[in-house]
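Hi,

Here is the structure I promised to pass on to you. Have a look at it first, and then read on for my notes.

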Amino acid sequence: MKKHIYIFIVAFAFYSCSAPKGLYSFDKYQKASYNYLKKADEKSINEIMVQYQKIISKQKGTRKVTPPGMFADYGFFLIQRGDLKKGKENLNKEILLYPESKIFIDRILKLIEK
Amino acid sequence: MKQSIYLILSATLLIVGCGTTSKLNKAQAYKGMYEEKPLSVLIMPPINRSTNVDAKEYFHTTLNVPILNAGYYVIPPFLSMEILKRESAYDSELFIEKPSLKIFNKIFGADIILFTKINKWDKSSLASRVTVEVEYILKSTHTGEILYSRKGTISYNTSVSTGGSFLLNLAASAINTAATKYVDVAKAANNYIFTDLPKGKYSPMFGLDKAEMAGLKVINVRLPK
């Protein structure tokens, strides 16, 4: 019995200090973002694209939905690599999932058409 | 018996020690946030006034995650950087004092804009502690008003990992580069700063956190706790 109370207290103490599980999971996305922003070389681009694929395909957050911006930024990298079709598909997925992105993403789609 | 009293005491201390709050609740402290109900956030490149040239990137790449996890839409960071550069608007100094930010609503669909100023980045001679002084300002694109702001001195112990098992941490520290450690400093600071932000539309707590006590605008904290 005592042991249970102890576990409860410790669990509660930790719960109140550490942030509860996030809406989304990001794996190593932040470090990959930093590396890309700093180096922008082939290796860092590959690294961040792997992170987008992981975030899109395996969401461990409480919402179980791809976080805002991920489809769009992934699409942006695909377009830079010359995969225009897949890139545009991802930009459109962003609008579908997050209609508030339409103003901005439509602007990008127009830029690509030019 | 003695042991359990001790435990209860230490647990209470832990809870009390978790955060310093102001005397206002969130509805009072962040009135504009609850009135405007912003959804879309544009992150501007941090203004770096510190002596560490890389500090800008450490902060820039770790700002979107805590805001996303608070339930907001963050405008795609890399795409928005590209457009800001194209429009010659990549320099935040040009906009931070501007009374009207409506143009960002027109181009990006942003409701609020985040400005960040890194004033100091000091590495202690003992190597494991980094102290940063950072300001965060969230401004409405509709009214130009400041809806949320923080000025913080955050001291981070880079030798302590924030999670995972001891063995895993040991393995991680063996391959830890300076850059990896410093991304963690910025990450910890940014995560801490936005814990008090009223929850956004995609959070189950959206609109339900008004009665919570608001944190202080000026903070001084040592992380990890």
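Below is what I found, starting with the two chains and moving on to how they meet.

Please keep in mind that this is a predicted model, so everything here is computed from it.

**The two chains**

Chain A has six helices and zero strands, so its elements read α-α-α-α-α-α from the N terminus. Of its 114 residues, 41% are buried. If you take the contacts in chain A between residues at least 6 apart in sequence, 51% of them join residues at least 24 apart. Its accessible surface is about 6700 Å², and carbon and sulfur atoms account for 61% of that.

Chain B exposes about 11000 Å², with 58% supplied by carbon and sulfur atoms.

**Where they meet**

The size of an interface is often given as the accessible area lost when the parts come together. Here, chain B and chain A bury about 3800 Å² between them, and carbon and sulfur atoms give 72% of this area. Counting residues in contact, 47 of chain B touch 41 of chain A.

**Helix α2 of chain A**

Helix α2 covers residues 29-39 of chain A, and its axis comes within 10 Å of the axis of helix α9 of chain B, residues 178-193. The two axes cross at roughly 115°, and the crossing is right-handed. On the α2(A) side, the contact is made by Q30(A), K31(A) and Y34(A); on the α9(B) side, by A179(B), T180(B), V183(B), D184(B) and K187(B). Sorted by type, the residues of this contact are three nonpolar, two polar and three charged.

Several residues of α2(A) are buried, namely Y29(A), Q30(A), A32(A), S33(A), Y34(A), N35(A) and Y36(A). The buried residues of this helix pack against elements of both chains: α3 and α4 in chain A, and α4, α5, α6 and α9 in chain B.

L37(A) also sits in α2. Is L37(A) buried or partly exposed? Its relative accessibility is 21%, and buried means under 20%, so L37(A) counts as partly exposed. Leaving out residues up to four places away in sequence, L37(A) touches E57(B), H60(B), T61(B), F78(B) and M81(B). From L37(A) to D27(A) is 10 residues in sequence and 18 Å in space, C-alpha to C-alpha. After the helix comes A40(A), with a positive phi near 50°.

**A residue in chain B**

Finally, take a look at S155(B), in strand β7 (residues 146-157) of chain B. S155(B) has a relative accessible area of 8%, so it is buried. What is S155(B) in contact with, beyond its neighbours within four places in sequence? Its partners are R129(B), V130(B), T131(B), V221(B), R222(B) and L223(B).

Notes: Residues numbered from 1 in each chain as written. Chains lettered and ligands numbered in written order. Predicted model: local features only at pLDDT ≥ 70, side-chain atom pairs only at ≥ 80, totals over all residues. Heavy atoms only, no water. Helix = DSSP H or I, 4+ residues; strand = E, 2+ residues; numbered from the N terminus. Buried < 20%, exposed > 50% of the residue type's maximum accessible area, 1.4 Å probe, protein only. Contact = heavy atoms within 4.5 Å. Areas by Shrake-Rupley, 256 points an atom, 1.4 Å probe, with all protein chains shown as cover. Axes fitted to C-alpha atoms, helices over the stretch in contact; angles between N-to-C directions. Left-handed = near helix turned anticlockwise from the far one by under 90°. Nonpolar A, V, L, I, M, F, W, Y, C, P; charged D, E, K, R; others polar. Buried area = accessible area lost by both parts, 1.4 Å probe.
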